[in-house]
Every structure is written in structure tokens, then in C-alpha cells.
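Trainee: I am new to this structure. Could you walk me through how to read it?
Mentor: Gladly. Let us look at it together.

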Amino acid sequence: MAAKPRASGDSVSITIDVDDVAMIRVLGVHDRVLNQVEAECPGVVVVARGNSITVSGSEAEVDKAHALITDVVALARAGVDLAAADVTRASRIKAQTGKGAASFLSEPILSSKGKTIRPKTLGQKNYVEAIDCHTIVFGIGPAGTGKTYLAMAKAVQALERKEVDRIILTRPAVEAGERLGFLPGTLTDKIDPYLRPLFDALHEMMDPELVPKLLASGTVEVAPLAYMRGRTLNSSFIILDEAQNTSPEQMKMFLTRLGFGSTMVITGDVTQVDLPGGASGLKLVGGILEDIDDIHFHYLSAHDVVRHSLVSEIVDAYARFDAKGVKKGAR
């Protein structure tokens, strides 16, 4: 990829040559990727013709846009299916680290059914690295930050690499404004909706025909948190989801299930506690365990939300509202 600068008065123009395969990804649907480059670099005009991208504007903004497009092209060459949000993330990573996003986000965790799972933000990349480096990791953050999804991908990766013998997925069966007793069917039928998100992620990351066999053999287990009591879980990758809905006693019970050769990931959002009363085990555990080696607390933020762009704005809006409530209460 070559850049050819040209100057005209106060305006600077640079042409970037891109190979065919990368160009298809860089253009995006209706040129949304390059349109987002213009949004991130006000004052520049980006025009794509054939295999060339021309950027015009002030020298400073053109330099910024050139670096951003170079980074986006590197992501495209790494196989990332680009969207406008990826440009924003690449720009943010460059501002935070001074390095290109491709150096952080191009390495895949897992490939399944033609889809590659990889971290999409710097916070997610650090979260994945923390899982690699620690026995117990707490992933704490708002909805849509990939806490559970990335942990599931790491679990499947560990099983495929034979680093563990089984995957155990669990969450507390706590109602979010609804009552279990009013649901039809047996106890298993009543609990199933609480575990359904874990089943859905499993089917997305593994061969759907293989999942029932793994469940039947016990290689993969999906169960309510109450089923963990009294067990020692060796050579397992264990994920506790929705951990904000555990009591302190349940959190202690779960953590002490850890056996030899196992990894634990605990995920939750402390702003979405559905417990009918009492303290959340996830809220308290940081103050109890934060100084213990090989236990890591990783906090994700609205910047790590990878759902619809409105989700990030909703999370930020609620955070501002909650902050105002705290300030009013302090008066």
C-alpha cells in the first residue's frame, strides 16, 4: 500500500493504494467504513476509486486519516469484517496507545462455522489476556461488553486444545422482575430460560450436532449455581455468569469449588442486580480478594460495548443518571 502526497495551497491530498481483497472490506456497505473515517477526522474528504483511496484536507487531519485508513486496511487484511464501529474503535485505540488497532485486535480466539471470534476493543483484548494469565478472573462491566461471550470462546478454545477436560457453565436462577413459580413445567423447564443464553452461545461456537453429545457425556455442563455445592471441579474451565445475582455466601461457595488444573471466569454487571434483598456477592468480593495473587479483576466500560451503537449511549446515559442520584443523595 503506497501513499502519494500532493499539496494545493493550504490543502494536502494523499492517495493510498489498496489490494482487491482488503478494498472490498474497507469500503463496507454503502461506503460506511470510509464515511466513518471522515467523521473521525473532521475536515477531510475521502474518495475511493478503483483500488485507490484519496484523502484531502488540512495536513494534520489528512495525516490522522491516513494513519486510520492504514490501520483499517491492516484489520481487513487480517480477516476482520469491518463496520463503521471498527473505525471508531481503531481511532480510540490509536489515541490510547499510539499504536494501530491491528496489533491488538487481529489475533483470533476461535473460528467456528465460518465466523471468527476475536476481541474488538482494547479492554476486551486485555480481558482475554487476563484469562490466559490468571487462574481466577472477574469480568465486570455493562451489557454488551462481551464478558460472557469472550469467556465462552476461551473455554471452547481450551477444550479444543485439550488444556481442560470439560467446560462448566453456571448462573444463579434469580428472577428479573418475574416469578419462577408462574412458569409452566417441571423444575428443569422453569430453570431452562435462565440457562438459555449459555446454550445459545455454545451452539454459536460449536457444531450444533456435537453439543448434545458433549452435554450427554458431561464434557460440557450447563447448570444452575445451586448444583455446584459440595463439588470440587478439577481440570475444568468454569464460568459463572450473572454473578451480580449471587449472595456473598453463594460467591464464597462457588469460588471454593476450584480444583487443580482449572480456570474460573466470573462475569457480571454490578448495576443490574436482581436480588430481592441483601448484598450482591460480586459487589463485595473485590474488597475481599483484590490483593490475592493469581486473581484478577478486569473492568469493562461503555467503550467496550460491541452491540448496536445505541447500547453504548444507553449505558452512558444511565451512568450519568446514577451519578446525579449519588450526588443528590450526598447533599
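Trainee: How many helices and strands does the secondary structure of the chain come to?
Mentor: Keep in mind that this is a predicted model. The chain has twelve helices and twelve strands.

Trainee: What percentage of the residues count as buried?
Mentor: The chain has 331 residues, and 45% of them count as buried.

Trainee: Now the helices. What describes two packed helices?
Mentor: Two things: the angle between their axes and the distance between the axes. The crossing is right-handed.

Trainee: Which residues of α6 and α7 meet?
Mentor: From α6, look for Gln124, Tyr127, Val128, Ile131 and Asp132. From α7, look for Lys147, Leu150, Ala151 and Lys154. By class, this contact has five nonpolar, one polar and three charged residues.

Trainee: Let me try another pair. At what angle do the axes of α2 and α4 cross?
Mentor: Roughly 35°. Helix α2 covers residues 32–40, and helix α4 covers residues 84–97. Their axes come within 8 Å. The crossing of α2 and α4 is right-handed.

Trainee: Which residues of α2 and α4 meet?
Mentor: Helix α2 brings Arg32, Val33, Gln36, Val37 and Glu40. Helix α4 brings Ala84, Val87, Thr88 and Ser91. These residues divide into four nonpolar, three polar and two charged.

Trainee: Next, cysteines. What is a disulfide?
Mentor: A disulfide is a covalent bond between the sulfur atoms of two cysteines. The test here is a pair of cysteine sulfur atoms within 2.5 Å. By this rule, the count is zero disulfides.

Trainee: Is Cys41 buried or exposed?
Mentor: Cys41 is buried, because its relative accessible area is 0% and the cut-off for buried is under 20%. Cys133 is exposed, with a relative accessible area of 58%.

Trainee: Let us turn to the backbone. Which value does phi take at Ser235?
Mentor: Phi of Ser235 is near 45°. That is a positive value in a residue other than glycine. Find Ser235 in the loop between β9, residues 220–224, and β10, residues 236–240.

Trainee: Is Ser235 buried or exposed?
Mentor: Ser235 counts as buried, at 17% relative accessibility.

Trainee: What is Ser235 in contact with, leaving aside its neighbours within four places in sequence?
Mentor: Val164, Asp165 and Arg166 are among its contacts. Phe260, Gly261 and Ser262 are on the list too.

Trainee: What about phi of Glu242?
Mentor: Glu242 is not a glycine, yet it has a positive phi of about 55°. Glu242 sits in the loop between β10 and α10, residues 248–255.

Trainee: What is the relative accessible area of Glu242?
Mentor: It is 27%, so Glu242 is partly exposed. Compare Ser235, which counts as buried at 17%.

Key: Residues are numbered from 1 along each chain as its sequence is written. This is a predicted model: local features need pLDDT of at least 70, side-chain atom pairs count only at pLDDT 80 or more; totals for chains, interfaces and linings use all residues. Side-chain values use heavy atoms; hydrogens and water are left out. A crossing is left-handed if the near helix is turned anticlockwise from the far one by less than a right angle, and right-handed if clockwise. Helices (H or I, at least four residues) and strands (E, at least two) are DSSP runs, numbered from the N terminus. Contact means heavy atoms within 4.5 Å. Ala, Val, Leu, Ile, Met, Phe, Trp, Tyr, Cys and Pro count as nonpolar, Asp, Glu, Lys and Arg as charged, and the others, Gly among them, as polar. Buried means under 20% relative accessible area, exposed over 50%, partly exposed in between (1.4 Å probe, protein chains only). Axes are lines fitted to C-alpha atoms, for helices over the stretch in contact, and angles run from 0 to 180 degrees between N-to-C directions.
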